[in-house]
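Dear colleague,

Please find below the structure that I am handing over to you. My notes on it follow directly after.

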Amino acid sequence: MKIQQLVSTPQLQEIVLDSEDLLETYGEPITFYTYDIVPMATYFDFFNARSKNEYEALTKLIRTMILDENGKSVMGEDQDLPIDIMAAAVVKIGDILGKSLG
């Protein structure tokens, strides 16, 4: 296989947060979008920040990765999400990025 066959344009992917706890708290699934492919630097920054518990760096990265259906960030600099939603989003994004290795 030639490497050219593996090149693709990042696509927005819908993510659904629907754990029992979130459904109980919010009453319905929560959706957002993220790209299925990110630049290598973003990929490594995400996993390094997550594994080293660098929460400030992780928060900055996550703000650029939790998007609406048009690919725009849903949070401004002075905005945040409830911690339960943010934590669930980090896990889901990590699952998607982890799959890009395999």
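This is a predicted model: local features need pLDDT of at least 70, side-chain atom pairs count only at pLDDT 80 or more; totals for chains, interfaces and linings use all residues.

Overall organisation

The protein chain contains four helices and two strands. The C-alpha trace spans about 50 × 30 × 25 Å along its principal axes. The chain has 102 residues, of which 27% are buried. Among contacts with a separation of 6 or more, 55% are between residues 24 or more positions apart.

In soluble globular proteins, nonpolar side chains tend to be buried together. Here, the largest nonpolar core comprises 22 residues, and those with the most contacts inside it are Leu 17, Phe 32, Phe 46, Ile 62, Ile 66, Ile 93 and Leu 97. At least two residues of this core come from each of β1 (12–17), β2 (30–35), α2 (40–51), α3 (55–65) and α4 (83–99). The largest share, seven residues, is supplied by α4. Leu 97, for its part, touches Val 38, Tyr 43, Phe 46, Phe 47 and Met 65, leaving aside residues up to four places away in sequence.

The packing of α3 against α4

How do α3 and α4 lie relative to each other? Their axes come within 11 Å and cross at roughly 75°. An angle of 65 to 115 degrees counts as roughly perpendicular, and α3 is therefore roughly perpendicular to α4. On the side of α3, Leu 58, Ile 62 and Met 65 take part in the contact, and they meet Met 86, Val 90, Ile 93 and Leu 97 of α4. The residues of this contact divide into seven nonpolar, no polar and no charged.

The buried residues of α3 are Leu 58, Leu 61, Ile 62, Arg 63 and Met 65. Besides α4, these buried residues pack against β2 and α2.

The aromatic residues

There are three aromatic pairs in the structure. One of them joins Phe 46 and Phe 47: the ring centres are 5.1 Å apart and the planes stand at 90°, so this pair is edge-to-face. The cut-off behind that term is an angle over 60 degrees. Ring pairs link Tyr 43, Phe 44, Phe 46 and Phe 47 into a cluster.

Are Phe 46 and Phe 47 buried or partly exposed? Phe 46 has a relative accessible area of 0% and is buried, whereas Phe 47 has 21% and is partly exposed. The limit that decides this is 20% relative accessible area, under which a residue counts as buried.

Asp 84 is 47 residues away from Ile 37 along the chain, and the C-alpha atoms of the two are separated by 25 Å.

With kind regards

Terms used. Residues are numbered from 1 along each chain as its sequence is written. Side-chain values use heavy atoms; hydrogens and water are left out. A nonpolar core is a set of buried Ala, Val, Leu, Ile, Met, Phe, Trp, Tyr and Cys residues joined through side-chain atoms within 4.5 Å. Buried means under 20% relative accessible area, exposed over 50%, partly exposed in between (1.4 Å probe, protein chains only). Contact means heavy atoms within 4.5 Å. Rings of Phe, Tyr and Trp (its six-membered ring) pair if their centres lie within 6.5 Å; planes under 30 degrees apart count as stacked, over 60 as edge-to-face and the rest as tilted. Axes are lines fitted to C-alpha atoms, for helices over the stretch in contact, and angles run from 0 to 180 degrees between N-to-C directions. Angles under 35 degrees count as roughly parallel, over 145 as roughly antiparallel, 65 to 115 as roughly perpendicular and the rest as oblique. Ala, Val, Leu, Ile, Met, Phe, Trp, Tyr, Cys and Pro count as nonpolar, Asp, Glu, Lys and Arg as charged, and the others, Gly among them, as polar.
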